Amino acid sequence: MSSQGDSTWPLPSMLTAAGLDTVEGTFAYSSGRDITVVGLGHRQRWTLTLSDPAGQPQLLFMKRYGREPLKWRLQRRFTYGRGGSPASVELNNIHAAHVAGVPTIDQAAGGHELGPLGARRSYIIMTTVAGEALEQCAEGFVALHGLGSCEVAQFTRDLAQLVRRFHQTGYVHRDLYTSHIFMVTRPGGVELRLIDLARMFAPSWRRFRWRVKDLAQLKYSMPPGWVDRHWNLFMASYLKDRSSRARWRYERAVDRKIVSITQHVERKRRRKARRERV
């Protein structure tokens with residue numbers, strides 16, 4: 001299974017040459033760099049460098065999934081239907097983003113083993129995205145150009161357009177923090193891309209709630225100075241052609257959700273501090 005964007009990147013042939021076109025080959029692979037963090041359980045994260053047909057090194061990102069807990073399998077079946085795996089869900093989501101014209105990862109490929117109770121193992125390998133996550137570069141970008149600059153205002157409108165276009169497809173991200181939006185500066189402005197689409201889905205009900213969650217995660221994780229100066233512009237661009245009442249409704253819901261996020265983060269911090277004292 002694969003999802004391809006830029007045809008100049010022959011990802012499938014690169015993976016075949018490296019023996020990464022099967023589940024067995026991928027799980028036996030150990031030549032990359034293991035970047036799995038503690039607490040991921042059955043999930044692994046790797047980076048690897050392969051040569052393209054022209055002999056140029058290309059950096060790729062790989063996720064490997066062992067057997068999931070039953071609860072996770074049931075949740076995925078409820079959300080995405082039967083017969084899938086963590087890898088196939090993300091591949092399908094990347095393809096859906098391409099179809100909708102949402103800038104994301106150029107190419108991805110993967111595979112899975114299915115058994116009577118769902119996926120045994122699965123993997124996805126993706127091309128990397130140029131630039132840096134907003135988590136790392138947004139504050140520097142604002143400082144470089146100035147909070148009141150035309151460049152920061154245009155960046156704000158571009159960011160709102162990305163999120164608006166994404167939500168207009170009917171999908172939500174469910175993890176729309178600044179770590180999952182990448183930016184690269186081009187001669188004509190900035191280019192933004194949305195990554196980590198593993199949890200993306202199209203809710204059939206309570207869409208407002210899910211969109212509010214995305215917006216709150218973004219607002220919570222953006223630099224405070226930008227939020228104070230430009231969040232109103234962001235929301236005006238995101239809710240273009242909507243009434244002032246609709247905007248007020250969104251703003252209230254987003255701020256309530258941010259309170260919830262803040263409390264959740266604080267509880268996690270306290271639990272971590274207690275574990276470290278033991």
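Aromatic pairs first: there are nine of them in this predicted model. Two rings of Phe, Tyr or Trp (its six-membered ring) make a pair if their centres lie within 6.5 Å; planes under 30 degrees apart count as stacked, over 60 as edge-to-face, and the rest as tilted.

Take phenylalanine 141 and phenylalanine 155. Their ring centres are 5.5 Å apart and their planes are at 55°, so this pair is tilted. Phenylalanine 141 is in helix H5 (residues 134-145) and phenylalanine 155 is in helix H6 (residues 150-168), so the pair ties together parts 14 residues apart in sequence. Helices here are DSSP runs of H or I with at least four residues, numbered from the N terminus.

Buried means under 20% relative accessible area, exposed over 50%, and partly exposed in between, with a 1.4 Å probe and protein chains only.

Next, tryptophan 226 and phenylalanine 234: the centres are 6.2 Å apart with planes at 70°, so the pair is edge-to-face. Both residues are buried.

Elsewhere, arginine 121 lies over the face of phenylalanine 27, 4.7 Å from the ring centre. The rule is NZ of Lys or CZ of Arg within 6 Å of the ring centre and within 35 degrees of the ring normal.

On method, residues are numbered from 1 along each chain as its sequence is written, and side-chain values use heavy atoms, leaving out hydrogens and water. Because the model is predicted, local features need pLDDT of at least 70 and side-chain atom pairs count only at pLDDT 80 or more, while totals for chains, interfaces and linings use all residues.

Technical notes: Helices (H or I, at least four residues) and strands (E, at least two) are DSSP runs, numbered from the N terminus.
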